[in-house]
Amino acid sequence: MKVAVAGCCHGALEKMYETLELLQKRHNVSIDLLLCCGDFQAVRNEADLRCMAVPAKYRRMESFYRYYSGEKKAPVLTVFIGGNHEASNHLQELPYGGWVAPNIYYLGYAGVVRFRGVRIGGISGIFKSHDYRKGHFECPPYNQQTVRSAYHVRNIEVFKLKQLKRPMDVFLSHDWPRSIYHYGNKEQLLKMKSFFRQEVESNTLGSPAASELLQHLKPTYWFSAHLHVKFAAFMQHETSSKEELPKATKFLALDKCLPHRDFLQVLDIEHDPNAGDSLEYDAEWIAVLKATNSLVNATPSLWNMPEQNGLHAKWDYSATEEAIKEVLEELNHDLKIPSNFALTAPCYDPSKPQKHLEPVHTVNPQTTEFCAQFGLSDINARIQQAREGSAQGKGEEEEEEVDSTGSAEEPSEYNTDNSGLSSFNPDEIMLDEEDADEDLSVCSVDPSPDHPPDFSTSFSDVRIMPDSMAVSSDDATDSTNEELEKSALSKEVEEKTSTERPPKRLSGDENGNPGIKKIRRRNQAIYAAEVEE
């Protein structure tokens, strides 16, 4: 089947679907599925805009609200993950995934679905070590910290995905897996994005959590976005035994959605011709959600996932064949995801702007139905209960929260917050860069009559790195500990909430004194400007 993949669309749905339609007409093809790798910006109204962690000048309504209201409908089934420029209050309503509009499906904090027999997984957000071990506790109205921490990846989601045993066909992440640049044309990448050099050379660019998942899941395809540059790689995985067949992952990072760029990638992916045309639940994933339900944390308390280290009675939460069979029986072997989209917030009306509309914490009926069906905890319902309970003893609760989140000395599973290792802030990546950079992939689709699309994507031109370059999950987190410790951010600078935002937070000198480094980028104004509330 023909699958189109897009990077950061930043709410420009009309532009994306128009380009997709043009491509289909010019080349006489039919796209079956569209995948989007984050920064989708499912903004319904002015309140949603207030929940996006971007400078005020980038808080634009764009066109998603037309699809949310029903004025328009997505012409092709669209599946997406969250990034770091999202209406977090909207996506938070669907922690396990769900429809944000007819024919547009969000995978949740982490999720796995099937379409025509193709198994598609994904994880939303970006990695930040200081929030990695916390629960999903944030809810609107957000403050300067929680509006950002709301989209940070948590260890519980990575742990769930690592319980999967069955093969994965396609996986989506917003930020790149750490070390993936060693498996493609690294020099060309640095030629186009020279400010990546420090992190590439120290092997700290990208997410160590995503790298860990890449090593475990070994999907056939892995798609990412975030850095606004096209880049292809081919990673040959090491086998754990002689009996295990060798596996390889074709990685592709997509550029952002711009009219003068080739931002859509089309692939021909093998599928089950006998499978239906509906989006379906994945039985193993549902079984894993049920098995790990007791581990769900809806507080800012730090929480380590169970390990085989003598401290936990149970550490294996993978789904047994019996558990998967039970899920199938519960659903009567009908895995079709119900089309139960419902409006949960007022829709933007250009003729009646509501500039002072405030965000409200909402429990989405899709999530309520999903949790009731599979016996899962509704994270948002638990957050609401906690807030109601805190109203009676607010003083004690605030003191308790400080105690639970202030354990700076407690070691993190990963040793560094990778935002402090270069002259750019990964939370706000090149929003206003409009220049047409050269593509770094070897397989692209240019929707023009002079360049017909190549649907026989093989990634054969991407060089395969020798086995000695293979990166294990331990390498991704431990091999450069000393270097990472020297360049880690000061927590005080990282969490500074002053309205005067510094140009850039960076590591200190040899004595550990925090310092500020001058930004050497075209979009310096983003980081120097004050954030208007």
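Trainee: Where is the place of Tyr109?

Mentor: Let's find our way around this predicted model together. Strand β5 covers 104-106, and strand β6 covers 110-115. Tyr109 has its place in the loop between β5 and β6.

Trainee: Is Tyr109 buried or exposed?

Mentor: Buried means under 20% relative accessible area. Tyr109 has a relative accessible area of 11%, so Tyr109 is buried.

Trainee: How far apart are the C-alpha atoms of Tyr109 and Tyr151?

Mentor: Along the chain, Tyr109 and Tyr151 are 42 residues apart.

Trainee: Which residues have the most contacts inside the largest nonpolar core?

Mentor: Nonpolar side chains tend to be buried together in soluble globular proteins. Here, the largest nonpolar core has 118 residues. Those with the most contacts inside this core are Met16, Leu35, Phe40, Ile104 and Phe223.

Trainee: How many residues are in the second, separate core?

Mentor: Val43, Tyr58, Met61 and Ala87 are among its members. The count for this second core is eight residues.

Trainee: What is the distance from Cys8 to the nearest cysteine sulfur?

Mentor: A search of the whole structure finds zero disulfides. For Cys8, the nearest cysteine sulfur is that of Cys37. A disulfide needs sulfur atoms within 2.5 Å, and Cys8 is in no disulfide, with that sulfur away by 8.1 Å.

Trainee: Is Cys8 buried or exposed?

Mentor: The cut-off for buried is under 20%. Cys8 has 0% relative accessibility, so Cys8 counts as buried.

Terms used
Residues numbered from 1 in each chain as written. Predicted model: local features only at pLDDT ≥ 70, side-chain atom pairs only at ≥ 80, totals over all residues. Heavy atoms only, no water. Core = buried A, V, L, I, M, F, W, Y, C linked by side-chain atoms within 4.5 Å. Buried < 20%, exposed > 50% of the residue type's maximum accessible area, 1.4 Å probe, protein only. Helix = DSSP H or I, 4+ residues; strand = E, 2+ residues; numbered from the N terminus.
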